[in-house]
Amino acid sequence: MTVISGYLGAGKTTLINALLASDHGLRLLILVNDFGAINIDERLLASRDEDTIALTNGCVCCTMGADLFLALADALDRAPRPDHIVIEASGISDPARIAQAALAEPDMQYAGIVTLVDGLEFQSLMSDPLIGDQVREQIVKADLIVVTKAQRGVKVPGLDELTRSEVLSAEDTGALAHLVFNEPVMDQVPAPTSPHPAYTSWCRRNAIGVDADLLPTDLARRPAGLFRLKGSVMDRNGTCRDVQVVGQQIEVSISKGHSDPTLVGIGLSERVSVSEIDDWWKQVIS
């Protein structure tokens, strides 16, 4: 069992899609945990159906313990049994707490934690008094670090001081698949850390009626504490558009097939409330 960790928007789903497409010859089963009422990440995986179990409605290290163990038991009962289980942890999860699940299953071996680091947001996250410790713990607990959104070979300042693990670029898909699936099994699971800060989760089903021309500006003007937005919206002409927002990064693109426009958001509870996000959204669609 491998845990894929990394703070909100680091690129975990993209990485797992790359692993699914790699030539490793293994039967993989993906467990996806997203924070919020709707598991958007499970919808974005290239391989779904029989190969994916979605865990929703919370952070897996905090409120999904029972469901996680049930999902692992289901995976082990499948015929044929998967060769490798990959857990895509919520961006706010403690990967060490999730890894503890491997100890409870005698038929399961712990293969380590892979933590993704967003090269564009790393400095601001580490300097944030509420988020910095959480991001740091995800990094120091990792057995492998993968840097995303940065040029290959360009070092992220301050990252090497936090970890002794090997650091790869997200572009090194072949080497990454080899390390994840062929390295020796770990003999020790890191100890969990203290609970993380409280988060606000917001969701808008039937996210329709946006102005396509103003959408990037509207997203940039969202409440300051709303760090992450993802999902899809429908503009006033009936065109569905995918939305990915991480800190200062905003991406809007034409959807390739989402018929149910749904948008979810995540932010620190100390900095944003559901009512503030609702008020902003009313302005977006007005």
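Trainee: In which loop is Lys149 found?

Mentor: Lys149 sits in the loop between β6 (144-148) and β7 (166-169). Keep in mind that this is a predicted model.

Trainee: Why does Lys149 count as partly exposed?

Mentor: Its relative accessibility is 33%. Buried means under 20%, exposed means over 50%, and partly exposed is in between. A value of 33% falls in between, so Lys149 counts as partly exposed.

Trainee: What is the phi of Lys149?

Mentor: Phi of Lys149 is near 60°. That is a positive value in a residue other than glycine.

Trainee: Where does Asn206 lie, and what is its phi?

Mentor: Asn206 lies in the loop between β8 (199-205) and β9. Its phi is positive, about 50°, although Asn206 is not a glycine.

Trainee: Why is Asn206 called exposed?

Mentor: Asn206 has 52% relative accessibility. The cut-off for exposed is over 50%, so Asn206 counts as exposed.

Trainee: Now Pro223. Where is Pro223 found?

Mentor: Pro223 is in the loop between α8 and β10.

Trainee: What makes Pro223 count as buried?

Mentor: The number does. Pro223 has 16% relative accessibility. Buried means under 20%, so Pro223 counts as buried.

Trainee: Which residues is Pro223 in contact with, leaving aside its neighbours within four places in sequence?

Mentor: Val272, Glu276, Ile277 and Trp280. Contact here requires heavy atoms within 4.5 Å.

Trainee: Which peptide bond is cis, and how do you know?

Mentor: The bond from Ala79 to Pro80 is cis, with omega near 0°. Pro80 is in the loop between α3 and β4 (84-88).

Trainee: On to strand β10 (residues 226-235). What makes β10 mostly covered?

Mentor: Of its 10 residues, 9 are buried.

Trainee: How do you know that β10 pairs with β11?

Mentor: Pairing takes at least two bridges. Strand β11 (residues 240-246) is joined to β10 by 7 bridges, and the two run antiparallel. Met234 stands opposite Cys240 in β11.

Trainee: What lies between β10 and β11 in their hairpin?

Mentor: A turn of 4 residues. Gly238 in that turn has a positive phi of about 85°.

Trainee: How many bridges link β10 to β13, and in what sense?

Mentor: There are 5 bridges between β10 and strand β13 (residues 262-268), in the antiparallel sense. Leu226 has Gly267 of β13 as its bridge partner.

Trainee: How many bridges join β9 to β10, and do they run parallel or antiparallel?

Mentor: Strand β9 (residues 208-210) is joined to β10 by 2 bridges, and they run parallel. The cut-off is at least two bridges, so β9 and β10 pair. Val210 has Asp235 of β10 as its bridge partner.

Trainee: Cysteines next. Why does Cys240 count as buried?

Mentor: Cys240 has 10% relative accessibility. That is under 20%, so Cys240 counts as buried. Cys203 has 26% relative accessibility and counts as partly exposed.

Trainee: How many disulfides does a search of the whole structure find?

Mentor: It finds 0. A disulfide needs a pair of cysteine sulfur atoms within 2.5 Å.

Trainee: Which residues have the most contacts inside the largest nonpolar core?

Mentor: Met1, Tyr7, Leu31, Leu72, Ile85, Ile87 and Leu159. The core has 40 residues. Helix α3 (residues 65-77) gives the largest share, 5 residues. Another core lies apart from it, with 19 residues, among them Ala10, Leu15, Val32 and Leu179.

Trainee: Which residues is Ile87 in contact with, leaving aside neighbours within four places in sequence?

Mentor: Met1, Thr2, Val3, Ile4, Leu31, Leu68, Leu72 and Ile98.

Trainee: What share of the chain is buried?

Mentor: Buried residues make up 52% of the 286 residues. The chain has 9 helices and 13 strands.

Methods: Residues numbered from 1 in each chain as written. Predicted model: local features only at pLDDT ≥ 70, side-chain atom pairs only at ≥ 80, totals over all residues. Heavy atoms only, no water. Core = buried A, V, L, I, M, F, W, Y, C linked by side-chain atoms within 4.5 Å. Buried < 20%, exposed > 50% of the residue type's maximum accessible area, 1.4 Å probe, protein only.
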